[in-house]
Amino acid sequence: MKNKTFLKIIQPDDWHVHLREGDMMKVVTKFSSRINNRCVVMPNLETPITNSYLARQYKENLSLITAGLNFTTLLPCYLIDSLDLNDFKLALKKGIFVGAKLYPINATTNSSFGISKIDNIFSALEILEELGKPLLVHGEKVREDINMFDREKYFIDEELQIIRNRYPSLKIILEHVSSEYGTDFVNENKNTAGTITPHHMMLTKKDFFYENSINPHHFCMPVVKEESDLIALRKCACSGNKKFFLGTDSAPHHVNFKLPNMSSRAGIFSSPCSIELYVTIFEEEDSLDNLESFSSYNGPIFYELPINTEHIALTKETWVVPEYTIENNVKIRNFLGGKELNWKVI
Ligand code: NCD
Ligand code: ZN
């Protein structure tokens with residue numbers, strides 16, 4: 001299997017990506033639409049998408065860019081303490097929202113409107129459970145006495161387990177699972193799935209800290225962790241485990257916000273090469289046969305959406321990822337920019 005030089009798979013979907021707004025949206029969206037049929041687009045804009053009015057507006061802006069392409073964007077509602085429950089329920093029923101996203105307050109980019117106490121969203125969770133729509137979770141607990149590397153574990157123990165027990169039929173997706181503890185939680189609980197990014201399967205904290213400093217281009221939330229976590233993530237993704245599927249968490253920021261200090265914004269921009277990165281990982285794990293399950297089957301099955309019918313093809317060919325994506329006023333550092341990759345989409 002390691003000697004494959006050509007791959008044809010059912011068109012993938014990206015179940016977690018940031019397409020942003022304005023010029024940034026124009027520049028980054030084409031990298032996602034070139035590969036995927038569907039993307040779950042994150043609602044953490046500067047004004048978070050918390051109701052159907054904002055959702056329609058955002059979708060309209062996106063459709064100006066994606067018109068004529070075979071590409072669908074799905075949007076989860078950004079949960080806030082003061083959600084309009086009638087609007088939320090109706091928008092879920094109409095398909096304006098595909099589900100809802102839980103951001104704990106101040107856990108990541110644009111999450112200052114996030115949830116301070118999970119009790120505040122219990123009514124919203126009841127609606128999701130009743131309608132069979134998923135809850136997408138940024139699973140990190142932020143508290144002064146919890147170090148960054150343990151945030152996922154604490155969130156699971158102190159918040160997610162409560163939600164899991166209280167709403168047993170609710171579909172929960174632990175987004176960008178980053179630790180072995182997280183993969184265990186997903187594996188041990190019914191109606192629970194996880195998305196996995198390429199960077200959490202390629203980097204450890206050694207790649208984030210270097211020469212007495214940090215590498216801001218390897219800084220994301222949740223932060224990359226230990227070798228043992230990376231191994232656990234690779235095992236779940238590459239073994240054909242139906243609970244895990246593709247979600248790049250490609251999260252572009254202008255280079256000016258990615259300076260090598262702790263005020264750098266969190267987010268890794270991988271969409272110019274994300275499917276190639278996944279192929280590389282599956283090849284390294286001698287698991288190319290399971291790639292399609294992760295990239296094209298497990299996600300739609302969990303979301304109860306149809307499997308795509310088109311295909312994409314990749315060939316073994318060396319190319320260098322450009323260092324930056326530069327267009328108009330936008331300049332973004334590409335993940336692994338300047339590095340050689342061995343697979344290329346045809
Ligand atoms: C994301 C962003 O920049 O919007 N950042 C990140 O590090 N992943 C937010 C998120 O998904 O947590
Ligand atoms: Zn994200």
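**View 1. Arg265 and Lys171 each sit over an aromatic ring.** Arg265 lies over the face of Phe257, at 3.6 Å from the ring centre. The charged end of Lys171 is placed over the ring of Phe302, 4.8 Å from its centre. A charge sits over a ring if NZ of Lys or CZ of Arg is within 6 Å of the ring centre and within 35 degrees of the ring normal. This is a predicted model: local features need pLDDT of at least 70, side-chain atom pairs count only at pLDDT 80 or more, and totals for chains, interfaces and linings use all residues. Residues are numbered from 1 along each chain as its sequence is written, chains are lettered from A and ligands numbered from 1 in the order in which they are written, and side-chain values use heavy atoms, with hydrogens and water left out.

**View 2. Trp15 and Phe245 form an edge-to-face pair.** The structure holds twelve aromatic pairs. Rings of Phe, Tyr and Trp (its six-membered ring) pair if their centres lie within 6.5 Å; planes under 30 degrees apart count as stacked, over 60 as edge-to-face and the rest as tilted. In the pair shown, the ring centres of Trp15 and Phe245 are 6.2 Å apart and the planes meet at 75 degrees. Trp15 lies in strand β2 (residues 14-17) and Phe245 in strand β12 (residues 244-246), so the pair ties together parts that are 230 residues apart in sequence. Helices (H or I, at least four residues) and strands (E, at least two) are DSSP runs, numbered from the N terminus. Both Trp15 and Phe245 are buried. Buried means under 20% relative accessible area, exposed over 50%, partly exposed in between (1.4 Å probe, protein chains only). Trp15, Phe245, Phe302 and Tyr303 form one aromatic cluster.

**View 3. The largest pocket holds about 330 Å³ of space.** Its lining numbers 15 residues, and Arg20, Met24, Glu46, Pro252 and Arg265 are the closest to the centre. The lining of the largest pocket has five nonpolar, six polar and four charged residues. Ala, Val, Leu, Ile, Met, Phe, Trp, Tyr, Cys and Pro count as nonpolar, Asp, Glu, Lys and Arg as charged, and the others, Gly among them, as polar. On a 1 Å grid over the protein atoms alone, a cavity is a set of points where a 1.4 Å probe fits but cannot get out, and a pocket is an open set with protein on both sides within 12 Å along at least five of seven lines; lining residues have an atom within 4 Å of a point. Grid points are joined across faces, edges and corners, and a volume is the space filled by probe spheres set on the points.

**View 4. The second largest pocket holds about 240 Å³ of space.** Lining it are 17 residues, with Asn106, Ala107, Thr108, Thr109 and Asn110 nearest the centre. By class, the lining of this pocket has seven nonpolar, eight polar and two charged residues.

**View 5. The largest cavity has a volume of about 110 Å³.** The count is four cavities of 30 Å³ or more. Of the 17 residues lining the largest cavity, His18, Thr108, Met221, Asp249 and Ala251 lie nearest its centre. This lining divides into five nonpolar, nine polar and three charged residues.

**View 6. The second largest cavity has a volume of about 80 Å³.** Among its lining residues are His217, Ala251, Pro252, Lys258, Phe269 and Arg333. The lining has six nonpolar, four polar and two charged residues.

**View 7. Met221 and Pro222 are joined by a cis peptide bond.** Omega is about -10 degrees. Pro222 is in the loop between β11 (213-214) and α8 (227-238).

**View 8. His176 and Asp249 have positive phi.** His176 is buried, at 2% relative accessibility. Asp249 is in the loop between β12 and α9 (274-284). Asp249 is buried too, at 5% relative accessibility.

**View 9. Cys238 is in no disulfide.** The disulfide count is zero (a disulfide is a pair of cysteine sulfur atoms within 2.5 Å). For Cys238, the nearest cysteine sulfur is that of Cys236, 9.5 Å away. Cys238 is buried at 4% relative accessibility. The sulfur of Cys273 is 14 Å from the closest cysteine sulfur, in Cys220, too far for a bond. Cys273 is buried at 1% relative accessibility.
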